[in-house]
Amino acid sequence: MNKARLEAFTDAIVAIVVTILVLELPKPETYTLEGLVSNWQSYIVYVGTFLVLVGVWYQHHNLFESAKNINRKVFWVNTIWLLIQSFIPYVTSWITEFPGKQTPVIVFLVLNMLWALSYRMLYYSLREINEMPEYPWSRTFSYVLILTVLLLIALWNITLAMVGLVLFNAIGLIVGRDLEN
């Protein structure tokens, strides 16, 4: 299988997911600025989700930069990673449709945990057939731990959990480490 084709396919899916994400934002019910601002929670969810998508796309790019070869297993694990990702706009839309409700936020955070674990599986699938740098378990563990803390915060305060997710992903994009670091 051609690595460049898999990367192009993945980039296309990520682009589609990001496009669907913005299309799912609720439209203001009036033409006023107040109508626009009334959807503020949706914008927080959108920005947080957008940052998640951009961050994982960046990490995926770095991961495949380190790899020279792919096989059928890598293809299928990458497909699972994309499958989980494709649910992001759906769950994001669910959150914006029911602002202040815990279940959609909890499902969103669990989905992000599954996504992180599928990324770890993708890394190991690539490492089986490529000479690649070590990817510390501490990164995956800390990511899942922070998502677990945000999940617990969501049981208490949903808005705080979503703001925390936005900040966490923004900081991760700014100071995040590449695979080789």
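Because the model is predicted, local features need pLDDT of at least 70 and side-chain atom pairs count only at pLDDT 80 or more, while totals for chains, interfaces and linings use all residues. Residues are numbered from 1 along each chain as its sequence is written, and side-chain values use heavy atoms, with hydrogens and water left out.

**Packing of α3 with α8**

Helices and strands are DSSP runs numbered from the N terminus (H or I, at least four residues, for helices; E, at least two, for strands). Two packed helices are described by the angle between their axes and the distance between the axes. For helix α3 (residues 40–66) and helix α8 (residues 158–175) the angle is about 30° and the axes are 9 Å apart, where axes are lines fitted to C-alpha atoms, for helices over the stretch in contact, and angles run from 0 to 180 degrees between N-to-C directions. The crossing of α3 past α8 is left-handed, a term used if the near helix is turned anticlockwise from the far one by less than a right angle, with right-handed used if clockwise.

With contact taken as heavy atoms within 4.5 Å, the residues of α3 that meet α8 include W40, I44, V47 and L51, and their partners in α8 include M162, V163, V166 and N169. By class, this contact of α3 with α8 has twelve nonpolar, five polar and no charged residues; here Ala, Val, Leu, Ile, Met, Phe, Trp, Tyr, Cys and Pro count as nonpolar, Asp, Glu, Lys and Arg as charged, and the others, Gly among them, as polar.

**The two faces of α7 and α8**

Helix α7 (residues 137–156) has 20 residues and reaches 29 Å from its first C-alpha to its last, close to the 28 Å expected at 1.5 Å a residue; the expected span is 1.5 Å times one less than the number of residues. For the 18 residues of α8, the end C-alpha atoms are 26 Å apart, which agrees with the 26 Å that they should span.

Buried means under 20% relative accessible area, exposed over 50%, and partly exposed in between (1.4 Å probe, protein chains only). In α7, the residues R139, T140, Y143, L147, L150, L151 and A154 are buried; they cover an arc of only 115° around the axis, which puts them on the same side of α7, the arc being that of the directions from the helix axis to the C-beta atoms. On the other side of α7, F141, L152 and W156 are exposed, whereas the buried residues pack against α6 (102–129) and α8.

In α8, the buried residues are I158, A161, M162, L165, V166, F168 and N169. They cover an arc of only 160° around the axis, which puts them on the same side of α8. Their cover includes α3, α6 and α7, while I171, I174 and V175 are exposed on the other side of α8.

**Three residues in their surroundings**

The contacts tabulated here leave aside neighbours within four places in sequence.

| Residue | Relative accessibility | Contacts |
|---|---|---|
| N69 | 42%, partly exposed | L126, I129 and N130 |

N69 is found in the loop between α3 and α4 (72–86), and its C-alpha atom is separated by 35 Å from that of Y46, 23 residues apart along the chain. H60 is found in helix α3. A154 lies in helix α7, and the C-alpha atoms of A154 and V105, 49 residues apart along the chain, are separated by 7.1 Å.
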